[in-house]
Amino acid sequence: MLSRIDLRDRDLTTRELLAVVPRAEVDVAAALRTVEPILADVRARGEEALREYGERFDGISPESLRVPAAEIEAALETLDPAVRAGLEEAITRVRAFHVATVPPPVSVELAPGATVSQKWIPVARVGLYVPGGLAVYPSSVVMNVVAAQAAGVEAIAVTSPPQREFGGSVHPTILAACALLGVHEVYAVGGAQAIGMLAYGAAANDGGALCEPVDVITGPGNVYVAAAKRAVNGVVGIDSEAGPTEIAIVADDSADADFVAADLLSQAEHDPMAGSVLITDDEDLAERVEQALLRRAEATKHVGRTKEALTGVQSAVILTGSLEQSIQVADAYGAEHLEIHTRDASEVAGRIRNAGAIFVGAHSPVPLGDYLAGSNHVLPTGGTARFASGLNVTSFLKAVSVIEYDADALASVGEKVIALANAEDLPAHGEAIAARLERD
């Protein structure tokens, strides 16, 4: 099912590796041309435009775009108890980890009377997009909302596409997750129009405010959502332009082929464009994984999209000449999710530079991180792990410097500031300092 890329006799540079690792083909730039008029229309016409696009793209427009609070609470009452228990455990673990990772304030006395501090201030309002396509993602609600709450964000708005099956409302499992988290501002709006609503706010048809603008937008979505997030980046902050999900597995001859196959399959069921990549220096393991993958794929529920993902250009077995080369390939690929199935897996994981999240050993599969590990599952895709981090509390925090010098501390460096200001031909800068030195 998986194509083969054989690198065993090739010594490739980073540039060459970047050219050969498999990638999904996503044209965000083309989608941008489609979404820009939608964003402008939502900005200008608010609820009226949102309803028109809901009818066009989702086939329905609910009576109320904002889901009534009573409906959100009712969804929790009817939630499957097993699902509720899973969500509650996920919330507990994700919250414990994220609260622990809030950065502390720092204050440094650089000289007597000269103090520079850094404090972290949460943004006031966050918008979370929850997709509503091939799957239902209450786990995304948990990951985004808990991280924002741990950071200290006070106002959180959630938006998700209207579902015809539920009378144009948001999927009840999404609503139940919101109820568990104490979020009662939820909108049945999807697609690029939802991103426009969050970024610019939207007037209601009655002349009031349907939705106030947010400061940061987070959450995954299709290519049109990604394009819309690109378009509004700068008006608001965004977490990332999430692309198709992906997994890479670095494995040697000690790996359990069935475990590896199961994990490759688990990502492939997300989306026909999902990437599943095995990186190994053992050809026999590759053969056994392929056999296990064929067997599992035939038996899986979503066999159609799973096979499409596994046979796509974004999925492959990459054969390497050594574990060292496997690590080099993994760093070039920069996987959203990277599993390590090798001897001394912890040591190998410590040598990885580029990955959204690293799952160490046979008993730390990606689905654990998707739900209950305690880490965040909103991670950089498409190789952006080379420079980007996954969603975390700092996604919702601003680092602000606070400078406090007394007269003596300023006097001790005043002439040096004046010299630097004059060197940059900004004499008024120096004069602002001199005014104080003369007064003292």
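Contact here means heavy atoms within 4.5 Å. By that criterion, residues 24 or more positions apart account for 74% of the contacts in the protein chain with a separation of 6 or more. This is a predicted model, in which local features need pLDDT of at least 70 and side-chain atom pairs count only at pLDDT 80 or more, while totals for chains, interfaces and linings use all residues. Residues are numbered from 1 along each chain as its sequence is written, and side-chain values use heavy atoms, with hydrogens and water left out.

Start with the whole chain. The C-alpha trace spans about 85 × 60 × 40 Å along its principal axes. The protein chain has 17 helices and 16 strands. Both are DSSP runs numbered from the N terminus: helices are H or I with at least four residues, strands are E with at least two. Of the 440 residues, 49% are buried. Buried means under 20% relative accessible area, exposed means over 50%, and partly exposed lies in between (1.4 Å probe, protein chains only).

Now turn to helix α13, residues 323–333. Eight of its eleven residues are buried, so α13 is largely enclosed by the rest of the structure. The buried residues are Gln325, Ser326, Ile327, Val329, Ala330, Asp331, Ala332 and Tyr333. What covers them includes two helices, α1 (14–20) and α14 (345–349). The cover also includes the strands β11 (246–251), β12 (275–280), β13 (316–319) and β14 (337–341). Just after α13, glycine 334 takes a positive phi of about 60°.

Next comes a helix pair. Helix α10 (residues 257–268) packs against helix α11 (residues 283–299) at an angle of about 55°, and their axes are 8 Å apart. Axes are lines fitted to C-alpha atoms, for helices over the stretch in contact; angles run from 0 to 180 degrees between N-to-C directions. α10 and α11 are therefore oblique to each other. The classes are roughly parallel under 35 degrees, roughly antiparallel over 145, roughly perpendicular from 65 to 115, and oblique for the rest.

Which residues in α10 meet α11? They are Ala257, Asp258, Val260, Ala261, Ala262, Leu264 and Leu265. Their partners in α11 are Leu285, Arg288, Val289, Ala292, Leu293, Arg295, Arg296 and Ala297. By class, this contact has eleven nonpolar, no polar and four charged residues. Ala, Val, Leu, Ile, Met, Phe, Trp, Tyr, Cys and Pro count as nonpolar; Asp, Glu, Lys and Arg count as charged; the others, Gly among them, count as polar.

Side chains of opposite charge can pair when their charged atoms come close. Aspartate 258 forms a salt bridge with arginine 296, with the closest N and O atoms 2.9 Å apart. Aspartate 258 lies in α10 and arginine 296 in α11, so the pair ties together parts that are 38 residues apart in sequence. Aspartate 258 is partly exposed at 24% relative accessibility, and arginine 296 is partly exposed at 31%.

The structure holds 20 salt bridges. Each is a side-chain nitrogen of Lys or Arg within 4 Å of a carboxyl oxygen of Asp or Glu. Asp41, Arg45, Glu48 and Glu52 are linked in a network of them. Within it, the side chains of arginine 45 and glutamate 52 meet at 2.8 Å, N to O. Arginine 45 is partly exposed at 28% relative accessibility, as is glutamate 52 at 40%. Glutamate 347 and arginine 351 also form a salt bridge, at 3.9 Å, N to O. Glutamate 347 is partly exposed at 45%, and arginine 351 is partly exposed at 35%.
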